[in-house]
Amino acid sequence: RGGCGGAGGGVGAGVFDRAGRRDGLGGADADLHMLIQSIRDYGQQVPVLLRPNPNDAERYQVVYGRRRVAALKSLGLPVKALVRVLDDRALVIAQGQENAARKNLSFIEKANFARQMRDAGYDRKVICDALHMDKTLISRMLSVTDRISVELIEAIGAAPAVGRDRWLKLADKINSLDLLSAAQGASSEARFDACLLTTIDAADE
């Protein structure tokens with residue numbers, strides 16, 4: 001691992017594994033293409049954070065910077081990285097703090113991250129620390145993900161223009177409706193709107 005511990009160290013993009021909780025909900029191909037173009041033009045400006053894979057001494061796990069790793073891999077370039085030895089708790093806190101700082105992570109993506117942490121056994125304080133949010137907001141997030149299935153959330157997608165109040169409205173109205181077939185549309189916002197409209201129509205019947 002010599003020379004890989006600082007931002008100047010280059011790590012081959014083929015020796016990385018996923019670690020921790022999943023943050024994004026897909027649908028970011030255009031953003032990834034833009035990142036690839038930016039790195040092609042200007043190089044990698046910000047290092048990623050890795051930890052040694054505890055199950056394979058020759059590999060690393062990506063703590064954060066997965067999109068940068070994917071872009072560099074597509075370009076066949078080495079990855080500038082910081083390597084830190086982190087236990088699982090420190091890893092998810094680092095991921096959560098990175099996610100909280102990202103302006104483009106939607107409400108439901110943050111809520112889904114909180115759900116994954118809760119389901120993995122992390123207590124509420126760790127989740128609050130990871131996402132830089134108070135217990136009230138975390139509770140509202142989890143009230144959404146407890147009532148809307150993971151399958152439906154993934155079918156809808158990130159829906160960056162849909163905030164907390166509209167997700168709570170959908171959670172309040174969903175009851176026992178199966179909305180997977182309703183999650184149709186060209187964008188995640190359109191799929192969300194289709195699902196919400198279905199709940200409204202069902203209530204009027």
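Predicted model: local features only at pLDDT ≥ 70, side-chain atom pairs only at ≥ 80, totals over all residues.
Biologist: In what pattern do they follow along the sequence?
Modeller: The pattern reads β-β-α-β-β-α-β-α-α-α-α-α-α-α.

Biologist: How much of the protein is buried?
Modeller: Of the 205 residues, 42% are buried. Buried means under 20% relative accessible area, exposed means over 50%, and partly exposed lies in between, with a 1.4 Å probe and protein chains only.

Biologist: Which residues have the most contacts inside the largest nonpolar core?
Modeller: They are Ile 148, Ile 156, Trp 167 and Leu 170, in a core of 41 residues. A nonpolar core is a set of buried Ala, Val, Leu, Ile, Met, Phe, Trp, Tyr and Cys residues joined through side-chain atoms within 4.5 Å.

Biologist: Which helices supply this core?
Modeller: At least two residues each come from helix H3 (88-101), helix H4 (107-119), helix H5 (124-131), H6, helix H7 (150-156), H8 and helix H9 (188-204). H4 gives the most, with six residues.

Biologist: What does Leu 170 touch?
Modeller: Leaving aside residues up to four places away in sequence, Leu 170 touches Ile 148, Ile 156, Leu 179, Phe 192, Cys 195, Leu 196 and Thr 199. Contact here means heavy atoms within 4.5 Å.

Biologist: Which residues are included in the second core?
Modeller: That separate core has 13 residues, including Phe 16, Leu 35, Ile 39 and Leu 72.

Biologist: Where does Ile 39 lie, and is it buried or exposed?
Modeller: Ile 39 lies in helix H1 (residues 29-42) and is buried, with a relative accessible area of 6%. Its contacts, not counting residues up to four places away in sequence, are Gln 44, Arg 68, Ala 71, Leu 72, Leu 75 and Leu 77. The C-alpha atoms of Ile 39 and Ala 71 are separated by 7.7 Å, although these residues are 32 residues apart along the chain.

Biologist: Which residues are buried in helix H2?
Modeller: In H2 (residues 66-75), Arg 66, Arg 68, Val 69, Ala 71 and Leu 72 are buried.

Biologist: Turning to helix packing, how do H6 and H8 meet?
Modeller: The axes of H6 (residues 135-147) and H8 (residues 164-174) come within 9 Å and cross at roughly 40°. Axes are lines fitted to C-alpha atoms, for helices over the stretch in contact, and angles run from 0 to 180 degrees between N-to-C directions.

Biologist: Which residues make that contact?
Modeller: From H6, Leu 137, Arg 140, Ser 143, Val 144 and Arg 147 meet Arg 164, Trp 167, Leu 168, Ala 171, Asp 172 and Ile 174 of H8.

Biologist: At what angle do H4 and H5 pack?
Modeller: The angle is about 145°, and the axes are 10 Å apart. Lys 110, Phe 113, Ala 114, Met 117 and Arg 118 of H4 make the contact with Val 126, Ile 127, Ala 130 and Leu 131 of H5.

Biologist: What does Gly 96 touch?
Modeller: Gly 96 lies in helix H3 and touches Phe 113, Ala 130 and Leu 131, not counting residues up to four places away in sequence. Gly 96 is buried, with a relative accessible area of 0%. The C-alpha atoms of Gly 96 and Leu 131 are separated by 4.9 Å.

Biologist: Where is His 132 found, and is it buried or exposed?
Modeller: His 132 is found in the loop between H5 and H6, and it is exposed, with a relative accessible area of 59%. His 132 has a positive phi of about 55° although it is not a glycine. Most residues other than glycine have a negative phi.

Biologist: What about Ala 159: buried or exposed?
Modeller: Ala 159 is buried, with a relative accessible area of 0%. Ala 159 has a positive phi of about 45° and is placed in the loop between H7 and H8.

Methods. Residues numbered from 1 in each chain as written. Heavy atoms only, no water. Helix = DSSP H or I, 4+ residues; strand = E, 2+ residues; numbered from the N terminus.
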